[in-house]
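Open the model in your viewer and keep the selection tool ready. The tour goes stop by stop.

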Amino acid sequence: MNYIFPNPSDKCLDELGVFNRSFTIYDEISCTYADALRDVISDLRLYKSNPLITLLSEYEKAIDDIEKEAVETLVTSLNNKISGLDKVKELSGEIKKKITDTVGKTYSPTIEITSNLPNDTEDLFKKLTLRVGENIGEPTSNIEELSLGGANLVFLSLKLLSYQMQLPKNKASYLLLIEEPEAHLHTHIQKTIFQNIGKEKAQVIYSTHSTHISEVCKINSVNILTKKNNFTQVSQPINGLSSDEIIHLERYLDASRNTLLFAKSVIMVEGDAEFFVLPTLIKEVFGIMPDELGLSIINTGSTGFKNIANIFHENRIKKRCSIVTDEDKSITGVSNEAEVRGANRKTDLISYTNGNIYVKPYFGEYIFEVELVKFGNASYFKPIIEKSFIGTHHSTITAKNNCLTNIDSSDVKEYGYAALQIAERKQKGWFALQLCDKIDYKFVIPDYILNAIAFCVKDTIALVERSIVEYRINKGKSDTQNPNQSIFQTLFTEINASDLVDKYKLQLPNDQLTKLLSFV
C-alpha cells in the first residue's frame, strides 16, 4: 500500500491560519473524562485518579486565612496532645531501651514517637474520604463496602461535579467525555444520568452499547461506529432525512427496536408470529443464534417498514436490512381487499428500495403461516391442532379431524384454510410460541425467508459456516427418520477434513444450509 504524506514545508496558511506561538490549545480547552468505570474502588483509593481530591483542592483554595490558621492551631495542639500521652511516651522508651540493649549507646539512634497529622489545610483536605450508604437515610460506611453500581454512581457524580466546576473558567471549548456509562449502572440510572447532565456550554460525548441510553437520546445526536476489516466506519443515521422522517424514526426506536443501531444487519418483520419464529428457525435449523451473526430481528408491528428502513442507506448506516412481508394472496383464488393491499405494498417496496444496495424486500406469496405449510412443514402443525381443539363434543372432534386432514392436502385452499384456522383460533402470537416448541433442524425454512437471511449474513456467514455444517451433521447422523442419514454418517467420518463445507454442499445439494449458502 502506498501512502502520500504532505510536504512539511507547505505552510497552508489559507487552511490552517497563521501560527501563534503565544497560543496553547491546552489552555483553551477544558476536558473532563469519565472512563469505563470498571474498577472505581481502586481509582478512588489512588491519589492521581481520585476525582474527590480534585474537588477538595478547589474548595481548599476558597478557605480564608483566618480559618486556615485556626485549623492549623487545632491540629498542632492535637499532635502535641497525642504525642504527650503516657502510653505513647512509654512505648517510645521501650523501643529506645531495646535498641540500646542491642547495639549499645554509641550506635543507638534517637527515637521518638510523635503524632504527625499535617497542619497545612491543603494536605489535610487530601486526607478526607467518603463514607456512603446505598440509599438516602441509611448508615454510611467505607466506599469499599458499597455495591459496584453504587460506587460507579458516586464516582461518576464526582466526575460530573469536577466538570461543572470548570465551566466558569471561560474556556474556548468544554468537553465532557463519558465512556460506557452503562457499566454496572441500573437501567433507570442510565436514562436519568443521560437526560439530566447539563449541556448548555459543553459538548457531551458518550460511547455506549446501551439500548436504554439510545432509547432516550435524540437520533440527530448519534453517530454509529462500525468495525470493518481494517478500519472503523462512521455513520450518521439522519443524514439527508427530512424533519418528519426523523420524527417518525425516533418514535419507532424504543428499547426493543433500537438494537438495530448496534447490529451488523437487520431483518424487519411485520408481526409477532415472524418475530417469535424466525430466531427459533435460525437457532434450531442452523445451530446458531441470530446474535452470533450480528443479526437483529425487528418487529415493526405493522407494514410501515419505511420509517425504520430509511436509516439504512449509502448516506446513513451502511448495513444490510431485509424486509420480510407477505403478498397476502387469497387462498381461494378470488381477489380480496387484503390481496390488493399486498400487491400494492409489494410494488411500493420494490420501488422504494430500488437503487439502495443496503435494503431489500422479500415476499411470501400467502400469509406467513400458510407459507410455512406450503414449504412442507404440515407435520409440525399437527400437535398444535391436537392441542387447540380440546373437548369431546362431536362438533369439536369433527373440526379437529377436518383440520388434520386439510393440513396434509396439496391444495392451498385446504391446507391454507387449516393453517389460518389454527393460527387465528387462539391468536397468532400463541400459535407462534407453540410452533417454536416443535421446530427442529429438519424444519423447512421458506425460500423467501432463507433469501432474506442470506442477504443479511453475507459478511458474517463465512466465519460460522463450518460450525453450522458440524451441527447439522451431528443432528442428521443419528436421526433414523432422516432419509439422508447415511450421507450424514459418511460426512461425520470426515468431520476434520479441511474441505468439509464443500463436501457437504456437494453431497447435500437440497439441504437447508446448502440453499442458504447458494443464496449468499
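Predicted model: local features only at pLDDT ≥ 70, side-chain atom pairs only at ≥ 80, totals over all residues.

**Stop one: two crossing helices**

Select H23 and helix H24 (residues 512–519): their axes come within 9 Å and cross at roughly 105°. Axes here are lines fitted to C-alpha atoms, for helices over the stretch in contact, with angles from 0 to 180 degrees between N-to-C directions. Helices (H or I, at least four residues) and strands (E, at least two) are DSSP runs, numbered from the N terminus.

Residues are numbered from 1 along each chain as its sequence is written, and side-chain values use heavy atoms, leaving out hydrogens and water.

Now show the side chains. From H23, Val 501, Tyr 504 and Lys 505 make the contact; from H24, Leu 513, Thr 514 and Leu 517 do. Contact means heavy atoms within 4.5 Å.

**Stop two: aromatic pairs**

How many aromatic pairs does a search of the whole structure find? There are 5. Rings of Phe, Tyr and Trp (its six-membered ring) pair if their centres lie within 6.5 Å; planes under 30 degrees apart are stacked, over 60 edge-to-face, the rest tilted.

Select Tyr 362 and Phe 455. Their ring centres are 6.3 Å apart and their planes meet at 50°, so this pair is tilted. Tyr 362 is in strand S11 (residues 359–364) and Phe 455 in helix H20 (residues 447–456), so the pair ties together parts 93 residues apart in sequence. Both Tyr 362 and Phe 455 are buried (under 20% relative accessible area; exposed is over 50%, partly exposed in between; 1.4 Å probe, protein chains only).

Next, select Phe 488 and Tyr 504. This aromatic pair is tilted too, at 6.3 Å centre to centre and 55° between the planes. Phe 488 belongs to helix H22 (residues 485–492) and Tyr 504 to helix H23 (residues 500–507), so the pair ties together parts 16 residues apart in sequence. Phe 488 and Tyr 504 are both buried.

**Stop three: charges over rings**

Go back to Phe 455. The charged end of Arg 320 sits over its ring, 5.8 Å from the centre. A charge sits over a ring if NZ of Lys or CZ of Arg is within 6 Å of the ring centre and within 35 degrees of the ring normal. Then select Lys 477: its charged end sits over the ring of Phe 492, 4.7 Å from the centre.
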